Amino acid sequence: MKLSVKVEQGEKILVDSLQCQFCKQTMKDPVTIIPCGHCFCLGCKKGYQKECCRCGPKVKIDALYRNELLDDVLAIYQVIKEIRSQLR
């Protein structure tokens, strides 16, 4: 498999992982739900009001926390995206 194909596959996995499960956009100000661990944009409150929109009623939300590590990963991804667009 060519290196460029591997890079494209890796980038797709990264983009999918950084996507909010509610709005389907790249996450902004990510929060993580306790206990399930799913992440959403802070602004997508409908995704995590009383229950996780991915888990449904079987998972009641105990707490949310701002995911600063994911914030850092998103910032790095933005830099990579900018560099990549400049190389084209």
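How many residues does α2 have, and how far does α2 reach from its first C-alpha to its last? In this predicted model, α2 comprises 20 residues, and its end-to-end C-alpha distance is 29 Å, close to the 28 Å expected at 1.5 Å a residue. The buried residues of this helix are Leu70, Leu74 and Tyr77. Viewed down the axis of α2, these buried residues fall within an arc of 60°, so they line one face of the helix. The cover over the buried residues of α2 includes α1 (3–17), β1 and β2. On the face turned away from the buried side, α2 carries the exposed residues Glu68, Leu69, Ile76, Gln86 and Leu87. At the start of the helix, a side-chain oxygen of Asn67 comes to within 3.4 Å of the backbone nitrogen of Leu69.

The largest nonpolar core contains 15 residues, and Cys20, Met27 and Leu70 have the most contacts inside it. The elements that contribute two or more residues to this core are β2 (39–41) and α2 (68–87). With neighbours within four places in sequence set aside, Leu70 is in contact with Leu18, Met27, Pro30 and Cys39.

Strand β1 (residues 30–34) includes Thr32. Thr32 has a relative accessibility of 4% and therefore counts as buried. The side chain of Thr32 is joined to that of Asn67 by a polar contact of 2.8 Å. Asn67 is also the residue whose side-chain oxygen reaches the backbone nitrogen of Leu69 at the start of α2. When residues up to four places away in sequence are not counted, Thr32 touches Gly37, His38, Cys39, Ala63, Leu64, Tyr65 and Asn67. Cys39 is in contact with Leu70 and with Thr32.

Charged pairs were examined next. Side chains of opposite charge can pair when their charged atoms come close. A search of the whole structure finds five salt bridges. One of these joins the side chains of Arg84 and Glu11, with an N to O distance of 1.8 Å. This pair links distant parts of the chain, as Arg84 belongs to helix α2 and Glu11 to helix α1, 73 residues apart. Both partners are partly exposed: the relative accessible area is 23% for Arg84 and 25% for Glu11.

Another salt bridge is formed by the side chains of Asp29 and Arg66, at 3.7 Å from N to O. Asp29 is located in the loop between α1 and β1 and Arg66 in strand β3 (residues 63–66), so the pair ties together parts that are 37 residues apart in sequence. Asp29 is partly exposed at 33% relative accessibility, and Arg66 is partly exposed at 36%. Lys60 forms a salt bridge with Glu51, in which the closest N and O atoms are 3.7 Å apart. Lys60 counts as partly exposed at 49% relative accessibility, as does Glu51 at 29%. Salt bridges with shared partners join Asp29, Arg66 and Asp71 into one network.

Several backbone features were also noted. Most residues other than glycine have a negative phi, and most peptide bonds are trans. Asp29, the partner of Arg66 in a salt bridge, has a positive phi near 50°. Lys24, which is not a glycine, likewise has a positive phi, of about 65°. Lys24 is found in the loop between α1 and β1, where Asp29 also lies. Lys24 is partly exposed, with a relative accessible area of 45%. The peptide bond from Ile34 to Pro35 is cis, with omega near 25°. Pro35 is found in the loop between β1 and β2.

The loop between α1 and β1 also holds Phe22. Phe22 is partly exposed, with a relative accessible area of 37%. The C-alpha atoms of Phe22 and Cys41 are separated by 8.1 Å, and these residues are 19 residues apart along the chain.

Conventions
Residues are numbered from 1 along each chain as its sequence is written. This is a predicted model: local features need pLDDT of at least 70, side-chain atom pairs count only at pLDDT 80 or more; totals for chains, interfaces and linings use all residues. Side-chain values use heavy atoms; hydrogens and water are left out. A nonpolar core is a set of buried Ala, Val, Leu, Ile, Met, Phe, Trp, Tyr and Cys residues joined through side-chain atoms within 4.5 Å. Buried means under 20% relative accessible area, exposed over 50%, partly exposed in between (1.4 Å probe, protein chains only). Helices (H or I, at least four residues) and strands (E, at least two) are DSSP runs, numbered from the N terminus. Contact means heavy atoms within 4.5 Å. A polar contact is a pair of N or O atoms within 3.5 Å; within protein, one must be able to donate a hydrogen and the other to accept it, and residues adjacent in sequence count only if both atoms are side-chain atoms. The expected span of a helix is 1.5 Å times one less than its number of residues. The arc is that of the directions from the helix axis to the C-beta atoms. A salt bridge is a side-chain nitrogen of Lys or Arg within 4 Å of a carboxyl oxygen of Asp or Glu.
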